[in-house]
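Here is a report on a protein model, with attention to charged side chains. Please read it alongside the structure.

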Amino acid sequence: MKSNWLPFLLVIAVTTFSKTEEICPDGSNFWPHPDCQFYYECNFGDAPTLKQCPADLYWDVARSFCNLQENVPECVGGTRPPVTTTTTTPPTTTTGPTTTRPTTTTPTTTTTPRPTTTLPTRPTPPPCESRCCLFMYDPVLIPPGPLNVTFNPILKLDEWSRIEELLVVGMSSIARTCLLNAITLTMSFHTVVPSILLTTEFDISGYVDLRPLEFLPSGNFTGEGFAEISLSNLEYTINGTLFINIIGNRPMIRTLSVASVSFTNFYIDLGPDFLIAGTPVDWVELSANSKTRFDQEWPMHRVQFTEKIRTGINELLVPYTLDDLIEFLFGENCPFCSNTP
């Protein structure tokens, strides 16, 4: 019954909202919806597209991504109230035998106070100790421990690096369509990530090398503090061919191409004590300009950076056979891909 009524209620909500306030009036990328689980994606002249955040998330106007409810305090009970209204009285002119200067009433601004309420306590997600829970639960809580990540030549964390509890929101909404032909040894992956959010405390060091891309800094890094990273509407398609070493049935990627990649918003804040190449990072400026800079740089450096990705994947594939790869992608136990071959 609920699913049958939802489209009707959304139509009413959209109609009511459009009568009181123009949607996307300033050419913004996004525009809030009165129901906090929804938002509009503005299309620069075309009709805006209504989007929905993953379960239990609200649209965060300040940061332009789907966020935890407790981080969007203006949404009380799932509704976003109007905050400020401005009323201006037009000038009035007195007529008579003599001309007098028009008198103007000073515009008045009325601010609706934000309701004060206590949000319900968010249930603690179950701890995640294997990759299976990343596909089963949302949000996911990864227990504290070492964070040993290596993806040469792009990223490497030193062995002593560690994190506290890592909260991951949005994994269940990711759709991965995978095609792998074991005869022609061709593959294709199409991935859509509506919204993902990661938060944790950390103490890490290592290096990151995104060159020739410069929308994010490269160099040795070190730091500790609180991290918040989010990404909205990421979509990419990767095509490639495999080479199979007949000794051990070991797969390697022979060729790789990123056919398309796009996203609408990227936000990262690792705090003031995180240094890259010995220099602190202006996270506000970086996040605000990351999409524009990526869109400018990617066409120029796509081939070179894709080769770095191919090198990193091949290093990860060394211990595995072709059968292992197929089981990881399509197996019955927590398949990586959303589809079946």
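## Burial and overall fold

Of the 341 residues in the protein chain, 36% are buried. Buried means under 20% relative accessible area, exposed means over 50%, and partly exposed lies in between (1.4 Å probe, protein chains only). The chain exposes about 20100 Å², with 59% of that supplied by carbon and sulfur atoms. Accessible areas come from the Shrake-Rupley method with a 1.4 Å probe; for residues, only the protein chains shown count as cover.

The secondary structure comes to four helices and 20 strands. These are DSSP runs numbered from the N terminus: helices are H or I with at least four residues, strands are E with at least two. Among contacts between residues at least 6 apart in sequence, 59% join residues at least 24 apart. Contact means heavy atoms within 4.5 Å.

## Basis of the model

This is a predicted model: local features need pLDDT of at least 70, side-chain atom pairs count only at pLDDT 80 or more, and totals for chains, interfaces and linings use all residues. Residues are numbered from 1 along each chain as its sequence is written, and side-chain values use heavy atoms, leaving out hydrogens and water.

## Salt bridges

Side chains of opposite charge can pair when their charged atoms come close. A salt bridge here is a side-chain nitrogen of Lys or Arg within 4 Å of a carboxyl oxygen of Asp or Glu. The count by this rule is seven.

Arg211 pairs with Asp209, with 2.8 Å between the closest N and O atoms. Arg211 is exposed, because its relative accessible area is 53%. Asp209 has 15%, so Asp209 is buried. Both residues belong to a salt-bridge network that links Asp209, Arg211 and Lys308.

## Pairs in helix 3

Lys291 and Asp295 form a salt bridge at 2.9 Å, N to O. The two sit four residues apart in helix 3 (residues 283–317), so about one helical turn separates them. Lys291 is partly exposed at 28% relative accessibility. Asp295 is also partly exposed, with a relative accessible area of 38%.

Glu297 and Arg293 make another salt bridge, at 3.5 Å from N to O. Glu297 and Arg293 are four residues apart in helix 3 as well, which means a separation of about one helical turn. How accessible is Glu297, buried or exposed? Glu297 is buried, because its relative accessibility is 9%. Arg293 is partly exposed at 31%.

## A negative surface patch

Asp323, Asp324, Glu327 and Glu332 form a negative surface patch. Patch residues have over 30% relative accessible area and no salt bridge; like charges are joined within 9 Å, and nonpolar side chains (Val, Leu, Ile, Met, Phe, Trp, Tyr) within 5 Å. Lys and Arg count as positive, Asp and Glu as negative, while His and the chain ends are not counted. The place of a charge is NZ of Lys, CZ of Arg, CG of Asp or CD of Glu.

Asp323 lies in helix 4 (residues 322–330). Its relative accessibility is 53%, so Asp323 counts as exposed.

## Asp273 and its loop

Where is Asp273 placed? Asp273 is in the loop between strand 18 (265–269) and strand 19 (275–276). At 52% relative accessibility, Asp273 counts as exposed.

Asp273 is in contact with Thr222, Gly223 and Glu224, leaving aside its neighbours within four places in sequence. The C-alpha atoms of Asp273 and Gly225 are 7.0 Å apart, while the two residues are 48 residues apart along the chain.
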